[in-house]
Amino acid sequence: MDEIHSGDTSLVQGARDIAKEAKRHASRTVGRSVDRASDEFSQHNNYDRFQDDEAMDDNRRAYGPTPPGQSGRGGGNEEDEGASSDATEGHDDEDEIYEGEYQGVPPAYGDGKPQDGRVALGQPVPESAKDRKELENERQADEEEMAQQYELIMQECGHGRFQWQLFFVLGLALMSDGVEVFVVGFVLPSAETDMCVPNSGAGWLGSIVYLGMMLGAFFWGGLSDKLGRKQCLLIAMSVNGFFAFLSSFVQGYSMFLLCRMVSGFGIGGAVPIVFSYFAEVLAREKRGEHLSWLCMFWMIGGIYASAMAWAIIPHYGWSFSMGSAYQFHSWRVFVVVCALPCVSAVVALTFMPESPRFFLQNGKHDEAWMVLKHIHDTNMRARGEPERVFTVNRIKVPRQLDDLVEMQSETANPVAKAFMKVRAEIRGLWMTFMRCFSYPVRDNTVKLAVVWFTLSFGYYGLSVWFPDVIKHLQADEYASRVKIHNGERTEDFTFNFTLENQIHRNGVFQNDRFIAMRFKAVTFIDSTFDNCYFEDVSSVGTSFKNCTFIESFFYNTDIDDSKLTNSRVITSSFHHNKTGCQMTFDDDYSAYWVYFVNFLGTLAVLPGNIVSALLMDKIGRLSMLGGSMVLSGISCFFLWFGTSESMMIFMLCLYNGLSISAWNSLDVITAEIYPTDRRGTGFGFCNAMCKLAAVLGNLIFGSLVGVSKAVPILLASAVLVTGGLVGLRLPDTRANVLM
């Protein structure tokens with residue numbers, strides 16, 4: 001028995017050695033066949049090579065899956081297969097037929113399952129495992145061959161109804177990202193005023209939302225490379241919609257900040273996933289143009305937010321309250337309305353399929369084939385050619401290299417199992433991120449990060465600086481019209497109208513009544529109020545400095561200690577004081593003006609969007625990126641002449657119109673430069689750098705308002721020109737197939 005067992009072991013080892021040698025020979029054949037695929041693609045524009053290459057089939061039968069009805073051994077028949085000896089049974093288990101295959105779906109060309117020499121998830125490493133570097137080289141050859149075939153398949157599927165349906169669905173998601181950015185600026189003054197935020201806490205809303213978007217871009221982008229584009233985008237948009245809606249009802253500023261940060265965390269995944277998703281269903285000749293058209297939805301989101309803010313927020317009457325504790329003002333209605341594009345995107349996205357390229361990259365041949373057939377049939381029916389058949393028989397699937405992970409036993413604690421699973425996923429995300437800094441994309445990742453950072457720093461910094469400068473000019477003009485009253489004296493007079501933009505010095509008010517009226521930007525200095533009656537009074541931007549109140553009565557007013565600076569209150573009483581802070585939108589021209597300026601600035605990017613979409617594939621991504629950033633930097637010098645509101649608005653529109661082409665080309669380049677297995681991760685990292693630059697730009701440029709024009713102009717010009725020059729060093733991806 002020992003001799004028989006020894007002979008069987010020798011036969012098993014011999015069979016494995018033969019299979020190992022056949023696989024090495026096949027990998028060299030695959031490398032040579034990639035070059036033949038490129039030549040045949042350029043000469044004949046078909047993929048017969050992927051279907052009829054019998055020579056390669058013969059080699060792959062030694063280690064790959066076999067089409068139904070053929071032998072599992074090269075050149076053998078069913079009788080030979082049935083007569084296989086016991087010595088080959090172990091090898092048969094390793095070369096089993098593709099299990100996902102079912103009637104109507106052709107088999108995968110290549111193997112998506114772990115094979116001999118590969119580490120299966122949760123399995124021990126076999127002694128005969130190949131060197132991982134060799135396996136990765138084989139996978140790279142498979143990916144290059146699959147990229148060529150996938151490009152030909154997308155050309156057969158055509159560009160039609162399916163792409164346009166996905167275009168509008170993903171456009172809603174991208175529109176939600178644009179809305180989120182503009183919501184921050186529009187609700188910031190209203191929310192901080194309504195919630196009585198002190199000056200020390202002002203400005204946190206803008207920074208916290210961008211911080212959430214930065215973390216979300218990195219997290220959701222990386223997760224989309226593991227779980228899929230559609231699934232991650234659905235979860236991210238759902239998180240954004242839920243917390244955006246919830247933020248409109250919370251009353252405390254801390255809870256409002258938390259909700260907006262989580263909302264920003266959700267929407268942070270929109271940009272990296274949307275462009276990765278759409279790029280993977282476009283043929284090469286359509287990719288640059290239609291990704292640029294998709295960028296228009298970000299502009300539409302800005303226009304939508306500006307229009308809704310203009311129509312809703314200044315209407316203070318659009319509010320209700322439940323006692324003094326719960327206030328629901330018009331800006332909260334605006335927050336709810338701005339969540340509608342996100343909700344629409346979630347609903348529409350449920351009817352769209354997963355990216356077929358993601359399926360293929362992860363070895364899911366059947367699912368990818370079904371989605372591609374759906375794309376083909378949808379487009380053919382729209383063209384009036386429903387009889388055209390999807391002729392793809394087999395699709396290349398790259399070899400799957402699963403990482404070895406530690407698994408708990410079946411009797412382990414469920415909490416420990418969940419912890420191990422989460423740790424394994426986080427480790428996988430980190431490893432994918434680190435691969436963005438490995439050859440051959442390491443240098444491109446660094447360059448892209450620099451370009452994203454500089455473009456965002458200049459854009460968001462100036463976007464904050466422009467409106468604040470306009471407000472500063474308005475404030476100077478408003479202050480120049482102030483009315484000053486010195487030593488006035490009134491007795492037994494009833495004030496039932498609004499006092500606005502006035503300064504009263506050394507005034508005496510005796511037996512006067514202030515009923516159902518409002519003080520707006522009024523300052524009383526060294527004045528005396530003797531036996532005065534205040535009822536239903538609101539005071540916005542009003543203060544009493546070194547004043548004296550003698551035997552005065554206050555009922556239902558908002559005059560409190562915060563507005564009485566170094567003032568004396570003698571035998572006076574306050575009853576039913578108003579709680580909360582008073583909104584300032586009644587007849588507030590400046591509110592309408594701010595929203596209108598943002599509306600014009602957003603609308604100004606429309607010509608740039610159209611030009612970039614039409615010329616993206618003609619003049620190239622790099623020329624568009626570098627030229628747009630350099631021109632944007634040069635346009636900053638015209639700010640020296642911005643001495644009026646109208647001139648500053650013109651400069652804002654000019655800058656936005658020139659910079660939008662850089663944004664569009666940068667989105668296209670980033671989506672094309674990374675391979676499928678790390679496209680979401682790389683795009684998410686670059687977009688995270690964008691949001692980090694937005695936070696720094698808001699802080700730095702915001703502190704320069706009213707100080708000096710030279711510093712922001714020179715700073716913005718320097719970073720934009722530098723980023724444009726670095727962008728010109730990126731590789732041109734216009735003629736490349738999507739890896």
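Which residues is Leu 704 in contact with, leaving aside its neighbours within four places in sequence? In this predicted model, the residues in contact with Leu 704 (contact meaning heavy atoms within 4.5 Å) are Trp 465, Val 711 and Pro 712. Leu 704 belongs to the loop between helix H24 (679-702) and helix H25 (710-727); helices are DSSP runs of H or I with at least four residues, numbered from the N terminus. With a relative accessibility of 15%, Leu 704 counts as buried, the cut-offs being under 20% relative accessible area for buried, over 50% for exposed and in between for partly exposed (1.4 Å probe, protein chains only). Leu 704 and Trp 465 are 239 residues apart along the chain, and their C-alpha atoms are separated by 7.9 Å.

Because the model is predicted, local features need pLDDT of at least 70 and side-chain atom pairs count only at pLDDT 80 or more, whereas totals for chains, interfaces and linings use all residues. Residues are numbered from 1 along each chain as its sequence is written, and side-chain values use heavy atoms, with hydrogens and water left out.

Phe 437 counts as partly exposed, at 27% relative accessibility. Residues up to four places away in sequence not being counted, Phe 437 touches Arg 442, Thr 445 and Phe 685. From Phe 437 to Gly 682 the C-alpha to C-alpha distance is 9.3 Å, and the two residues are 245 residues apart in sequence.

Glu 280 occupies the loop between helix H11 (270-279) and helix H12 (284-294). Its relative accessible area is 0%, and Glu 280 is therefore buried. The side chains of Glu 280 and Arg 679 are joined by a polar contact of 2.7 Å; such a contact is a pair of N or O atoms within 3.5 Å, where within protein one must be able to donate a hydrogen and the other to accept it, and residues adjacent in sequence count only if both atoms are side-chain atoms. Beyond residues up to four places away in sequence, Glu 280 touches several residues, among them Tyr 150, Arg 229, Arg 357 and Leu 738.

Two packed helices are described by the angle between their axes and the distance between the axes. The axes of helix H22 (residues 621-635) and H23 come within 8 Å and cross at roughly 150 degrees, axes being lines fitted to C-alpha atoms over the stretch in contact, with angles from 0 to 180 degrees between N-to-C directions. H22 is thus roughly antiparallel to H23, a description for angles over 145 degrees. Residues making the contact include Met 624 and Leu 625 of H22 and Ala 662 and Ser 665 of H23. The residues of this contact of H22 with H23 divide into twelve nonpolar, six polar and two charged.

Ser 665 is located in helix H23 (residues 645-673) and is buried, with a relative accessible area of 0%. The side chain of Ser 665 reaches the backbone oxygen of Ala 662 at 3.1 Å. Neighbours within four places in sequence left aside, Ser 665 is in contact with Met 616, Arg 621, Met 624 and Leu 625.

For helix H13 (residues 296-312) and helix H14 (residues 330-338), the axes come within 9 Å and cross at roughly 150 degrees. This makes H13 roughly antiparallel to H14. Among the residues making the contact are Tyr 304 and Met 308 of H13 and Phe 334 and Cys 338 of H14.

Notes
Helices (H or I, at least four residues) and strands (E, at least two) are DSSP runs, numbered from the N terminus. Angles under 35 degrees count as roughly parallel, over 145 as roughly antiparallel, 65 to 115 as roughly perpendicular and the rest as oblique. Ala, Val, Leu, Ile, Met, Phe, Trp, Tyr, Cys and Pro count as nonpolar, Asp, Glu, Lys and Arg as charged, and the others, Gly among them, as polar.
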